[in-house]
Amino acid sequence: MSEHSDEVEPIGETSAETATEPLAELRPALEAILMVADQPLDAVALATAVRYPEAEVVEALGALAAEYDEQGRGFELRNVAGGWRYYTREELAPVVEAFVLEGQQARLTQAALETLAVVAYQQPVSRARVSAVRGVNVDGVMRTLLSRGLVEEAGRDGEHGATLYRTTTYFLERIGIVSLDELPDLAPHLPDLAEVEEELRESVAEPVEESVDSVEEAGDDA
C-alpha cells in the first residue's frame, strides 16, 4: 500500500468543510431567501440555508434592517416573534391598500352581473342550473365572482351532489341592503328553474321522438 493512500478521498464523498461552504455572498443570499419566505424565519434556519455561522447571520440581518431604514425603502426587515421577514412600511399602507382594492372595485362585466343576479334570486343554486338559466357556460364567471367575494359555496345538492352557491354579506354591503328580502322584485323576470329543466328534457326528447317517427314511417312505406 502506498504511503499516501490514506490521503485519497473516496469517490462520491464530500469533505465536511466543502459541505458547509457558503453558496453565495451573505447579504444577497439572505435577501433572496427572505424574499420568497411565506413566514418569519429565525436566525438558525437562515444560517442553515446560507451556510454561514449564526452570529454572522444575525449581524448581517441587523445591518440590512438598518440599511433599509437609512435609505427610506418602501419595505423594512423586522424581527417579529423570533423570526425575520420583510414588511411594507407602515406609512405606506394607504398606497398598498389602494392598489389591492383597485382590482376589487373594477366594474363587473355584463355576463358577471347577469350570473350574479341569477345566484341572488335562485340561491342556493349550482353552476349547472345557473348555466341553464343563462344559456351559456358560467364556470369562468363564477370563478370571478368567487374571487371578488360576492359569491361563496353553500354546501351540496342532496340529489346530485353538485356544489351550491349563494351570495355573501359582502354582496349585500356592495349593493347597500341589509338582507336579501330587500332585493328588487326582479325574480318574475327570470326563468323558473323547474321550467328550464323541463325545457332541457324536452329538447333532448324531441330528436329521439323524431327518430322513432322516421323509423315507423319507413316501415309503413315498406
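## Close-up views of a predicted model

**Figure 1. Overview of the protein.** The protein has 10 helices and 5 strands. Helices (H or I, at least four residues) and strands (E, at least two) are DSSP runs, numbered from the N terminus. This is a predicted model: local features need pLDDT of at least 70, side-chain atom pairs count only at pLDDT 80 or more, and totals for chains, interfaces and linings use all residues. Residues are numbered from 1 along each chain as its sequence is written, and side-chain values use heavy atoms, with hydrogens and water left out. Of the 222 residues, 24% count as buried. Buried means under 20% relative accessible area, exposed over 50%, and partly exposed in between (1.4 Å probe, protein chains only). The protein exposes about 15200 Å², and carbon and sulfur atoms supply 52% of that area. Accessible areas come from the Shrake-Rupley method with a 1.4 Å probe; for residues, only the protein chains shown count as cover. Among contacts with a separation of 6 or more, 47% come from residues 24 or more positions apart. Contact means heavy atoms within 4.5 Å.

**Figure 2. Helix H2 packs against helix H3.** The axes of H2 (residues 26-36) and H3 (residues 43-50) lie 10 Å apart, at an angle of about 115 degrees. Axes are lines fitted to C-alpha atoms, for helices over the stretch in contact; angles run from 0 to 180 degrees between N-to-C directions. H2 contributes Leu 26, Ala 29, Leu 30, Ile 33 and Leu 34 to the contact, and H3 contributes Leu 46, Ala 49 and Val 50. By class, this contact has 8 nonpolar, no polar and no charged residues. Ala, Val, Leu, Ile, Met, Phe, Trp, Tyr, Cys and Pro count as nonpolar, Asp, Glu, Lys and Arg as charged, and the others, Gly among them, as polar.

Figure 3. Most residues other than glycine have a negative phi. Arg 51 is partly exposed, with a relative accessible area of 34%.

**Figure 4. Strands E1 and E2 form a hairpin.** E1 (residues 75-80) and E2 (residues 83-88) run antiparallel and are joined by 6 bridges. Two strands pair if DSSP finds at least two bridges between them. Leu 77 has Tyr 86 of E2 as its bridge partner. The hairpin has 2 residues between the strands, and Ala 81 takes a positive phi near 55 degrees.

**Figure 5. An open sheet of 3 strands has the order E3-E5-E4.** Its pairing is antiparallel. The edge strands, E3 (125-126) and E4 (151-156), each pair on one side only. E4 and E5 pair over 4 bridges. Arg 156 stands opposite Thr 163 in E5. Helix H6 (residues 110-122) packs on the sheet and touches E3, E4 and E5; its direction makes about 95 degrees with that of E5. Helix H8 (residues 139-147) lies across E4 and E5, at about 110 degrees to E4.

**Figure 6. Thr 167 is buried in strand E5 (residues 163-167).** Its relative accessible area is 7%. Not counting residues up to four places away in sequence, Thr 167 touches Leu 116, Val 119, Ala 120, Gln 123, Leu 150, Val 151, Glu 152 and Leu 180.

**Figure 7. A cis peptide bond links Gln 123 to Pro 124.** Omega is near -10 degrees. Pro 124 sits in the loop between H6 and E3. Most peptide bonds are trans.
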